[in-house]
Amino acid sequence: MDLRVLRYFLAVAREESISRAAQAVHITQPSLSRQIMDLERELKTKLFERGRKKRRLMLTPAGALLRKRAEELVLLADKTKTEFLSQDNQISGDVYLGGGETDGMRLAARAVRQMQREHPLVRYHLFSGNAEDVTERLDKGLLDFAVLIGAAKLERYDYITLPVQDRWGLLLPKSHPLAAQKNIRAKDLAGVPLLVSRQAARYNELSGWFGSMRGKLDSVASYNLIYNAALMVEEGVGCALTLEKLINTSGSSPLCFRPLQPAVYSPLYLVWKKEQVFSKAAETFLQHMRRICGV
């Protein structure tokens, strides 16, 4: 199994057709069919099956697993090749940055903007997800850096603490009775259907704030990224415990944000693997971030 064959496999998975995939990768249809059959024999498993639509190829469970692994391997190979090709006096190449939903990503955006002016040949690749998604990709070498929120496990990484914090609050409809309050106390949430961040729940980020109310809350749903949870709030499913400035609540928005009282803040970190060997582009990005953060 080599990268070339994995690229062929990904093309078939994407196109759901041998003939269309063959055109995409510029080889003959019989040659591509033979490559896929050889791959299935090598792995001793069936990767595709015919779908209900005529001639449409669908991934088997084993094929879906291979697609995930193949995408990671191809991305890492391309990333490594780019790093070596960019080893000259001119800074170019790619920077891979992951993170959760946080207004603190503005600091990374400022670093990118500065680098655009100084090093226009550098390209940036952003990945959004919760802490588990992001650190998995960081550990596999698919990301150079990650912005982590709150009670993150930092012992495996080098990091800098960002000079900003995210404030927790309640996202709710403007028509909700609690919208009339400036702040939300734990006792105000009695009987209120809540959407709760899975990451916050896992790391008990709000357990101290809930106090004696912790076992009395009505948690109707969990979420990992707030956008879809905000749609649930709009439709009246419940109110979402979330970080500030992630959802636009100004103007004609039907939603509003009310901070928790006493205030609860989550620290933010820019992290990278210990003893990481950076490309010139990634090293320059880190230098910009250090200056922005004053470290």
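Biologist: W209 and F210, buried or exposed?

Modeller: Both W209 and F210 are buried, where buried means under 20% relative accessible area, exposed over 50% and partly exposed in between (1.4 Å probe, protein chains only). Keep in mind that this is a predicted model: local features need pLDDT of at least 70, side-chain atom pairs count only at pLDDT 80 or more, and totals for chains, interfaces and linings use all residues. Residues are numbered from 1 along each chain as its sequence is written, and side-chain values use heavy atoms, with hydrogens and water left out.

Biologist: Fine. How many aromatic pairs are there?

Modeller: Seven. The rule is that rings of Phe, Tyr and Trp (its six-membered ring) pair if their centres lie within 6.5 Å; planes under 30 degrees apart count as stacked, over 60 as edge-to-face and the rest as tilted. One of them is F145 with F285, a tilted pair at 5.2 Å centre to centre and 45° between the planes.

Biologist: Where do F145 and F285 sit?

Modeller: In distant parts of the chain, 140 residues apart: F145 is in strand β5 (residues 145-149) and F285 in helix α10 (residues 280-293). Helices (H or I, at least four residues) and strands (E, at least two) are DSSP runs, numbered from the N terminus. F145 counts as buried because its relative accessible area is 0%, and F285 is buried at 0% too.

Biologist: And how are the rings of W209 and F210 arranged?

Modeller: Edge-to-face, with 5.4 Å centre to centre and 65° between the planes.

Biologist: Which residues make up the aromatic cluster with F145?

Modeller: F145, W272, F278 and F285 form one cluster.

Biologist: OK, backbone now. Where's the cis peptide bond?

Modeller: Between Q261 and P262, with omega about 0°. P262 lies in the loop between β10 (255-259) and β11 (265-273).

Biologist: What about E275?

Modeller: E275 is another non-glycine with a positive phi, near 60°. E275 sits in the loop between β11 and α10 and is exposed, at 77% relative accessible area.

Biologist: Last one: where is V220, and how exposed?

Modeller: V220 is in strand β8 (residues 218-223). V220 counts as partly exposed because its relative accessible area is 41%.
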